[in-house]
Amino acid sequence: MDGLIEIIAGFKFDSKTEDVVETITKYCESVHHRDISDNRAIGDYGAKALLEGSGDTSRKLNIVTICNTGSLATSGYGTALGVARALDEREMLASVTALETRPYNQGSRLTAFEIREDNLTGGRLICDSMAAYLMAVSRKDGSGGIDAAIVGADRICRNGDTANKIGTYQLAITCHYHSVPFYVAAPFTTIDMELSTGGEIIIEERPPKELLESARAPSGVKCWNPAFDVTPSELITGIITERGVIVKNDGKFDVASFVNKFDEKEGKRVKAND
């Protein structure tokens, strides 16, 4: 957005309309193509991280995801779902399971649609409440077992805490209990170094009506309807961006050092600690 504002500010009062339209269109097209390129890079880094993290790079992976992080949420390919696509392109995807993502059902309405349209290997849909049992059942029957969870993020804090669609924190806790690696995939721009921890993120609360109607709940019942939740960094295995993967050192993420590797090229620097 800053780039677009800068371009608009550069126009003169008497600039021709067609010149303005052409310039803005070219800029928007460049953003579109860059986003797809970034998403593919996230997919490549993510596929490598998940395969290496599994301990057996020759074995196909069963992964689970929540909300929609695919082509319908980006310019194309996707972030977390892009990792699934990258695995499938390498013929290393055994299955991808989408959680329906209550109460707005982005998983069932959008992610399941993309899985079907792309015919991703082992694509399936489950209710949010089925994730724990899916991880618990034996792989012997061919229907269970999860090797990793991969989710998106709307905000990544200095300490590695992340905000994402409601239900993500619950999935992370479930993964932690079952020793399933939990990865976050998001663009580098999602990192917000102004936020020290997830406790500083303001969580939007949606109108109760939206949940009550989708749940077919009785009229007048009280409702709490947060749109997002925060996953503590302790539950996250790695943070995948188009510039690489942020991993833990001594059990903690050093997001500042990762950001500084790139910001120093632009004459910027952030402090490791406030």
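Q: In this predicted model, what makes Lys252 and Phe253 contacts of valine 247?
A: Valine 247 touches both Lys252 and Phe253, leaving aside residues up to four places away in sequence. Contact here means heavy atoms within 4.5 Å.

Q: Why does valine 247 count as partly exposed?
A: Its relative accessibility is 47%. Buried would need a value under 20% and exposed one over 50%, so a residue in between is called partly exposed. As for where valine 247 sits, look in the loop between S10 and strand S11 (248–249).

Q: How far apart are valine 247 and isoleucine 236 in sequence and in space?
A: They're 11 residues apart along the chain and 9.4 Å apart from C-alpha to C-alpha.

Q: Why is strand S2 called largely enclosed?
A: S2 covers residues 93–99, and six of its seven residues are buried, so the rest of the structure largely encloses the strand. Buried is the label for relative accessible area under 20%.

Q: How do you know that S1 and S2 pair?
A: Pairing takes at least two bridges, and five of them join S1 (residues 61–65) to S2, with the strands running parallel.

Q: What makes the crossover from S1 to S2 right-handed?
A: The chain goes from S1 through helix H3 (residues 80–89) to S2, a β-α-β crossover that comes out right-handed. The test is a clockwise path from first strand over helix to second, with the strands pointing away from you.

Q: What about S2 and S3: how many bridges do they share, and in which sense do they pair?
A: Four bridges, in the parallel sense, link S2 with S3 (residues 123–126); at least two are needed to call it pairing. Leucine 99 stands opposite isoleucine 126 in S3. Here the chain crosses through helix H4 (residues 106–118), and this β-α-β crossover is right-handed too.

Q: Why are S3 and S10 called edge strands?
A: The open sheet has seven strands in the order S3-S2-S1-S4-S7-S9-S10, with mixed pairing. S3 and S10 (244–246) each pair on one side only, and that makes them the edges. Neighbouring strands in this sheet are turned by 25 degrees against each other on average, direction ignored.

Q: What makes S7 and S9 a pair?
A: Three bridges join S7 (residues 182–185) to S9 (residues 238–241), and the two run parallel. The cut-off is at least two bridges.

Q: Which strands does helix H2 lie across?
A: H2 (residues 17–53) lies across S1, S4 (148–151), S7, S9 and S10, running at about 150 degrees to S9.

Technical notes: Residues numbered from 1 in each chain as written. Predicted model: local features only at pLDDT ≥ 70, side-chain atom pairs only at ≥ 80, totals over all residues. Heavy atoms only, no water. Buried < 20%, exposed > 50% of the residue type's maximum accessible area, 1.4 Å probe, protein only. Axes fitted to C-alpha atoms, helices over the stretch in contact; angles between N-to-C directions.
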